[in-house]
Amino acid sequence: MPKMPLDRARTLAILLCSLFTMASLLGQGVNGGKQYLTGYLSQLEERFNVKFSFLNQDLDELQIKVPPKDDLPGILNALGEQVQLEIEKLNERYYAISLRESLNLCATVLDNFERNTVSGATVRVLGESTAIITDLDGHFQLEGVNRDAKLEIRHLGYKPLFVNAIGLVDTSPCHTLLLVPNINRLNEVIVYKFLTEGLTKQADASLEINTDQFSILPGLTEPDVLQTAQALPGIKSIDETVSQINIRGGSNDQNLILWDGIKMYQSGHFFGLITAFNPYLTQTVTAITNGTSAEFGDGVSGILKIDTKDKLIPKAFGGGGFNLISGDAYAHIPIADSLAVQFSARRSTTDFFNSPTYGEFFDRAFQHSQVQ
């Protein structure tokens with residue numbers, strides 16, 4: 001059998017010694033820079049020729065960082081402060097070790113998302129009247145806490161955290177506690193009736209009015225496109241007329257009003273008090289107040305896009321109405337399979353008589369003038 005070279009045998013021996021040393025350290029409970037207290041006490045007994053008396057069930061689960069001390073009294077004092085122990089010297093060789101009944105605790109509360117300090121969090125000892133609030137750095141300290149106590153940490157917007165007091169005994173450095181943000185997922189809310197029937201919000205944030213389903217808003221005597229637009233968010237009239245509409249703070253000349261794609265320069269009658277559009281022949285009205293498409297090059301402030309019925313309906317329909325200002329009529333008459341005629345008409349009643357409503361409109365229009 002060939003002999004192993006001397007250098008190789010020496011290397012193998014060093015490797016075996018290293019493995020044995022690592023196994024010994026693991027057997028003593030080294031864990032992330034810490035080791036079990038019972039194993040460290042056995043080292044102290046051999047090093048200083050002393051004996052420690054304690055209950056195994058009290059110290060078996062405790063882990064410590066090795067104190068940077070060389071003398072036995074300094075080491076024992078550091079251990080007592082680190083894991084909250086009562087160490088009593090019986091004589092020159094024997095020491096008795098027991099757990100403290102009351103603990104001194106400290107910790108820093110952080111947000112587990114961005115690790116920001118959580119100030120103003122409430123720290124309460126469950127079952128007792130002891131409570132404290134974390135400071136601006138998220139730090140808190142408690143003294144005289146029962147070893148078996150449990151702490152509750154709460155803050156608005158975070159889930160409550162429960163920790164055992166025994167887990168916070170190491171005060172050098174203080175423990176770090178992480179609060180989890182409390183995120184509530186709300187169910188989707190779909191608004192079917194926005195102000196009135198027939199008004200829907202589109203995916204591009206525009207508002208569409210379907211006149212077939214459109215009903216009258218409170219305060220109006222008949223469905224009116226421009227009066228209804230003033231009830232939408234961001235749209236109003238500074239002088240309460242239908243022709244001076246302001247969208248998002250812009251002036252009325254910055255609005256684009258389209259009737260079947262035709263730009264309308266006049267949107268009202270009688271100094272803007274009466275609308276110029278018949279809502280009964282209108283299919284849809286789209287109000288765009290944000291994110292105007294590039295195809296509309298003139299709506300700096302906003303757009304009111306009015307579209308009449310563009311599909312041939314084989315059935316004839318029509319209607320008419322009368323109020324104290326005017327009378328109107330409209331109709332849709334199919335002539336052939338591919339041809340139909342639409343018409344609408346309106347005429348004021350001032351040719352026949354002046355109603356009280358007309359008198360109020362007249363006073364409203366000329367209240368700041370000398371015209372008689």
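**Exercise 1.** Is Leu-339 buried, partly exposed or exposed, and what is its relative accessible area?

*Solution.* Start with the basis: this is a predicted model, where local features need pLDDT of at least 70, side-chain atom pairs count only at pLDDT 80 or more, and totals for chains, interfaces and linings use all residues. Residues are numbered from 1 along each chain as its sequence is written, and side-chain values use heavy atoms, without hydrogens and water. Next, the classes: buried is under 20% relative accessible area, exposed over 50%, partly exposed in between (1.4 Å probe, protein chains only). Leu-339 has 44%, so it is partly exposed. Leu-339 sits in strand 25.

**Exercise 2.** Which residues form the nonpolar patch on the surface?

*Solution.* Nonpolar side chains are joined within 5 Å. The members are Ile-333, Ile-335, Leu-339, Val-341 and Phe-343. Together they have about 440 Å² of accessible area. Strand 24 (326-336) and strand 25 (339-348) each give two or more residues. Strand 25 gives the largest share, three.

**Exercise 3.** Which residues lie closest to the centre of the second largest pocket?

*Solution.* The second largest pocket holds about 350 Å³ of space. Of its 20 lining residues, Ser-243, Asn-252, Ile-257, Tyr-265 and Ser-267 are the closest to the centre. Now sort the lining by class: nine nonpolar, eight polar, three charged. Finally, trace the elements. Strand 16 (245-247) and strand 17 (255-259) each supply at least two lining residues. Strand 17 has the largest share, three residues.

How values were computed
1 Å grid on protein atoms, 1.4 Å probe; cavity = no way out; pocket = protein on both sides within 12 Å on 5 of 7 lines; lining within 4 Å. Points joined across faces, edges and corners; volume = space filled by probe spheres on them. Helix = DSSP H or I, 4+ residues; strand = E, 2+ residues; numbered from the N terminus. Nonpolar A, V, L, I, M, F, W, Y, C, P; charged D, E, K, R; others polar. Patch = residues over 30% accessible without salt bridge, like charges linked within 9 Å, V, L, I, M, F, W, Y side chains within 5 Å. Areas by Shrake-Rupley, 256 points an atom, 1.4 Å probe, with all protein chains shown as cover. Salt bridge = Lys/Arg side-chain N within 4 Å of Asp/Glu carboxyl O.
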